[in-house]
Amino acid sequence: PPTLENPHPLVKAAEKRLKQRGGWNDEKGLRVASAEVIDIEVTRSALDRTLLLVDTLIKELGKQAIAVRIDPQAKKTFLDLEGTPVALTVTEYVRRTAHQETPREKRARERYWHRPLGVPSDNYPVIPRFNFHATGQLTITAGEWPSRNWRDTPKKPLERRVGEVVAGIISLAAEIRTRQAEMARQEKERREAEERYATIKERLENEKANFKELEADSGNWERANRLRAYTDAVERHALANGGLAPDLISWLGWARAKADWLDPVIQACDPILDAPEPERPGYW
């Protein structure tokens, strides 16, 4: 339509917010408040045209049951296509040129360097490096990865490409769903491969630990049998040389108990060796 009539509520809110006089400090002269309203990034001179274009686009998308919403946290505008969110933004190309120092800026800088003694030095004149020029050339971008762009051209402005944009957005959503399904498949395969690796790795580590325990048990069993053989030899020697003294009988019982404690087959407990580590007394 030639003018903005009965605008969509989101377009109406964007018009009210982006036409505010104050609070626009962007050096390029762009107005954007994507956390609050539709993601539009244009200069003041292109704002009316952009609002009309976006309003037409949203209404055409609505005919295809495609809703639009704003995500304040992500600071983005999304289109919802059968559960597939597609980011939407409209931007204006701003041309940049090298800034040529003006006579006024030159005088201001000279006044700063030739100021009288005692004058504060925190008012240095800031001279921009570049000048930015509004072009009115708009770009509609849908999606992020993948994405589609539609730009103004000298022969065909975006107003004459709204149907093309709507069809492109629907096609893009299908491409996004296909990509997401492929990524989900790849993620599932990666997760299953990691699970298989973890299972094999755990089985290998358990096998190593069990074998190490087996070796330790067999070594302790041999040590226990050596202790028993030694105590038996001590006992036979004592019997052959006069009998068993009371202290030797006590020692033999102690030594055989230690052999039983060391033997993994018997698994006997020792009241001293199995007791908890004693706590060192404090000084205070």
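**Entry 1: α2 against α4**

I began with helix α2 (residues 47-63) and helix α4 (residues 162-240), which pack at an angle of about 50° with axes 10 Å apart. The model is predicted; I took local features only at pLDDT of at least 70 and side-chain atom pairs only at pLDDT 80 or more, while totals for chains, interfaces and linings use all residues. Residues are numbered from 1 along each chain as its sequence is written, and side-chain values use heavy atoms, with hydrogens and water left out.

Axes here are lines fitted to C-alpha atoms, for helices over the stretch in contact, and angles run from 0 to 180 degrees between N-to-C directions. Helices (H or I, at least four residues) and strands (E, at least two) are DSSP runs, numbered from the N terminus.

I call α2 and α4 oblique to each other because of that angle. The cut-offs: under 35 degrees is roughly parallel, over 145 roughly antiparallel, 65 to 115 roughly perpendicular, and the rest oblique. I noted the crossing of α2 and α4 as right-handed, that is, the near helix is turned clockwise from the far one by less than a right angle.

Which residues make the contact? On α2 I listed Leu-53, Thr-56, Leu-57, Glu-60 and Leu-61; on α4, Val-162, Val-165, Val-166 and Ile-169. Contact means heavy atoms within 4.5 Å. I sorted the residues of this α2 and α4 contact into seven nonpolar, one polar and one charged. Nonpolar covers Ala, Val, Leu, Ile, Met, Phe, Trp, Tyr, Cys and Pro; charged covers Asp, Glu, Lys and Arg; the others, Gly among them, are polar.

**Entry 2: α1 against α2**

Next I looked at helix α1 (residues 9-18), which packs on α2 at about 165°, axes 10 Å apart. α1 is therefore roughly antiparallel to α2. The crossing of α1 and α2 is right-handed.

From α1, Val-11, Ala-14, Glu-15 and Leu-18 meet Leu-47, Leu-51, Val-54, Asp-55 and Ile-58 of α2. I counted seven nonpolar, no polar and two charged residues in the contact of α1 with α2.

**Entry 3: the whole chain**

I found five helices and seven strands. Their order along the sequence is α-β-β-α-β-β-β-α-β-β-α-α.

What is the radius of gyration of the chain? I got 42 Å, whereas a compact globule of 284 residues would have one near 19 Å. The radius is taken over C-alpha atoms, and the globule rule is 2.2 Å times the number of residues to the power 0.38. The C-alpha trace spans about 125 × 70 × 35 Å along its principal axes.

Of the 284 residues, 27% count as buried, meaning under 20% relative accessible area with a 1.4 Å probe, protein chains only.

How values were computed. Buried means under 20% relative accessible area, exposed over 50%, partly exposed in between (1.4 Å probe, protein chains only).
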